[in-house]
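Subject: Structure handover

Hello,

Here is the structure for you to look over. My notes come after it.

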Amino acid sequence: MSVKFKTVLRGNPQSSAIPQKYYAQAVADGELTFEELTTIIADKSKLPFVDCYRVLLHLEETMLHELQNGKVVRLGGIGSYQLGISSNGYATEKQVTASTINNAKINFRPGKNFKEMLKIVVYKKVKD
């Protein structure tokens, strides 16, 4: 198995005077749906599909709740999830309030096995 990539021509976002360059960009090779993932886990664990589905739904619900409460959610070897925020810069600490937060995102930090996988993945160039 390999990860497919294509080449894309991109300009420098900081200066249009700098010549464009070619970069590698990963190309998705399909998608694994929640139901398909549940089926695979159910088959491997010899548990009924409905039990696996219920557990994964509760995992999602619990993660949402705990992230919303400011906790880091660690999923063993998978990695950890944490809420990240950003705001504009201000001259004084007092100026920074909840209303100055202008963006939020979920940060994912992969676990050891995922980091190791990135070191050994094979890449295959595809035609555009």
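Below are the ground rules, then the findings by region.

This is a predicted model, in which local features need pLDDT of at least 70, side-chain atom pairs count only at pLDDT 80 or more, and totals for chains, interfaces and linings use all residues. Residues are numbered from 1 along each chain as its sequence is written, and side-chain values use heavy atoms, with hydrogens and water left out.

Helices and strands are DSSP runs numbered from the N terminus (helices: H or I, at least four residues; strands: E, at least two). For accessibility, buried means under 20% relative accessible area, exposed over 50%, and partly exposed in between (1.4 Å probe, protein chains only).

Helix α1

Helix α1 covers residues 34–45, and T38 sits in it. T38 has a relative accessible area of 0%, so it counts as buried. Its side chain comes to 2.8 Å from the backbone oxygen of F34. That is a polar contact (a pair of N or O atoms within 3.5 Å; within protein, one must be able to donate a hydrogen and the other to accept it, and residues adjacent in sequence count only if both atoms are side-chain atoms). T38 also touches F49, C52, Y53 and L56, leaving aside neighbours within four places in sequence. Contact here means heavy atoms within 4.5 Å.

The length of α1 checks out: its 12 residues should span 16 Å at 1.5 Å a residue, and the end C-alpha atoms are 16 Å apart. The expected span is 1.5 Å times one less than the number of residues. K46 follows α1 and has a positive phi, near 60°.

Salt bridges

The structure holds 4 salt bridges. The criterion is a side-chain nitrogen of Lys or Arg within 4 Å of a carboxyl oxygen of Asp or Glu.

D29 pairs with K4 at 3.6 Å, N to O. This pair links distant parts of the chain, 25 residues apart: D29 is in the loop between β2 (21–27) and α1, while K4 is in strand β1 (residues 3–10). D29 is exposed at 58%. K4 is partly exposed at 27%.

R54 pairs with D51, with the closest N and O atoms 3.3 Å apart. Both lie in helix α2 (residues 49–68), 3 residues apart, or about one turn of the helix. R54 is partly exposed at 43%, and so is D51 at 31%.

K71 pairs with E66 at 3.2 Å, N to O. K71 is partly exposed at 47%. E66 is partly exposed at 22%.

The loop at L75

L75 lies in the loop between β3 (73–74) and β4 (79–87). Its relative accessibility is 21%, so it counts as partly exposed. L75 is in contact with L59, M63 and Y81, again leaving aside neighbours within four places in sequence.

Nonpolar surface patch

I78, F108, F114, M117 and L118 make a nonpolar surface patch of about 440 Å². Patch residues have over 30% relative accessible area and no salt bridge; like charges are joined within 9 Å, nonpolar side chains (Val, Leu, Ile, Met, Phe, Trp, Tyr) within 5 Å. Areas come from the Shrake-Rupley method with a 1.4 Å probe, and for residues only the protein chains shown count as cover. Helix α3 (residues 112–120) gives the largest share, 3 residues. F114 is in α3 and is partly exposed at 36%.

Best wishes
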